Amino acid sequence: MNREEALRLVKEQITEHRYIHTLGVVDTALQLAKRFGGDTQKAELAAIFHDYAKFRPKEEMKEIIISQNMREDLLVYNPELWHAPVGAFLVEKEAGITDREVLDAINYHTSGRVNMTLLEKIIFVADYIEPGRSFPGVEEVRKTAESDLDGALIQSLRNTISFLLLRNQAVYPDTFHTYNHLILNAKEKI
Ligand code: DGI
Ligand code: FE
Ligand code: FE
């Protein structure tokens, strides 16, 4: 599918604000793919569709998680996590995207997972640092992403986990596992 067609499909699904965010993720993912040797076409497609399901009703997302035998522990944690796996399912079903690597990058763009692929890391970090983001600490992550993708991923995960802890929220186990896996294997501690 070409860029214009993909953008048209996504625009119908999300708000103007989220669409602008999506365009920022696309630009950033393309830059990261060029910088770190990723597949630019897959990065563009995954970035365009990453938040496809963001505005689906919670009930619909819940039904999909159950009927598609996705991990039911998702239902115990923050509903903010749901649009990622549900998005991967709907993008295949409704937009006809079949590339497994692209679908996985959408699936894991919120929680992360252990042993993330290069494409998954690119989408995760691009989502965190796109120009429209203004979280505390995002500048540091942007700087790290100029040369070190794993370092930027560790910092994004650390910031998100801290954010959740400070707000008394639960942290999805995969987010912790992703962070632990990366930090235990990091050559230089960030
Ligand atoms: O969809 P976006 O807003 O662009 O970004 P996202 O898909 O990374 O969603 C992030 C939101 O999910 C963020 O507000 C934090 C929230 N969240 C809730 N529980 C968890 C979580 N994020 C992670 N990584 N892990 C959690 O357990
Ligand atoms: Fe998202
Ligand atoms: Fe996003």
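Hi everyone, thanks for having me. Before we start, please keep in mind that what you see is a predicted model.

Let's begin with the metal. Which residues hold the iron ion that is labelled ligand 3? Its protein donors are His 21 and His 50, each through NE2, together with Asp 51 and Asp 127, each through OD. These donors lie 2.2 to 2.3 Å from the iron ion. If you like to read such sites as a pattern along the sequence, the spacing is H-x28-H-D-x75-D. The pair His 50 and Asp 127 links distant parts of the chain, 77 residues apart. His 50 sits in the loop between α3 (40-49) and α4 (58-67), while Asp 127 belongs to helix α7.

How far apart are ligand 3 and ligand 2? The two ions are 3.6 Å apart, and Asp 51 coordinates both of them.

Now let's stay with His 50 for a moment. Is His 50 buried or exposed? It counts as buried, because its relative accessibility is 0%. Asp 127 is buried as well, with a relative accessible area of 9%. The side chain of His 50 makes a polar contact of 2.9 Å with the side chain of Asp 51, and another, of 3.2 Å, with the side chain of Asp 127. If we leave aside neighbours within four places in sequence, the residues in contact with His 50 include His 21, Val 25, His 83, His 109 and Asp 127.

On to the empty space. Rolling a probe the size of a water molecule over the atoms shows where such space is left. Here, the largest pocket has a volume of about 790 Å³. It is lined by 31 residues, and those nearest its centre are Thr 110, Tyr 128, Phe 135, Thr 160 and Phe 163. The elements giving two or more residues to this lining are α2 (16-36), α7 (118-129) and α9 (149-166). Which of the elements gives the most? That is α9, with seven residues. Sorted by class, the lining has 13 nonpolar, 11 polar and seven charged residues.

How values were computed. Residues are numbered from 1 along each chain as its sequence is written. Chains are lettered from A and ligands numbered from 1 in the order in which they are written. This is a predicted model: local features need pLDDT of at least 70, side-chain atom pairs count only at pLDDT 80 or more; totals for chains, interfaces and linings use all residues. Side-chain values use heavy atoms; hydrogens and water are left out. On a 1 Å grid over the protein atoms alone, a cavity is a set of points where a 1.4 Å probe fits but cannot get out, and a pocket is an open set with protein on both sides within 12 Å along at least five of seven lines; lining residues have an atom within 4 Å of a point. Grid points are joined across faces, edges and corners, and a volume is the space filled by probe spheres set on the points. Helices (H or I, at least four residues) and strands (E, at least two) are DSSP runs, numbered from the N terminus. Ala, Val, Leu, Ile, Met, Phe, Trp, Tyr, Cys and Pro count as nonpolar, Asp, Glu, Lys and Arg as charged, and the others, Gly among them, as polar. Donors are N, O and S atoms within 2.8 Å of the metal (3.2 Å for Na, K and Ca); water is not among the atoms, so sites may look incomplete. Buried means under 20% relative accessible area, exposed over 50%, partly exposed in between (1.4 Å probe, protein chains only). A polar contact is a pair of N or O atoms within 3.5 Å; within protein, one must be able to donate a hydrogen and the other to accept it, and residues adjacent in sequence count only if both atoms are side-chain atoms. Contact means heavy atoms within 4.5 Å.
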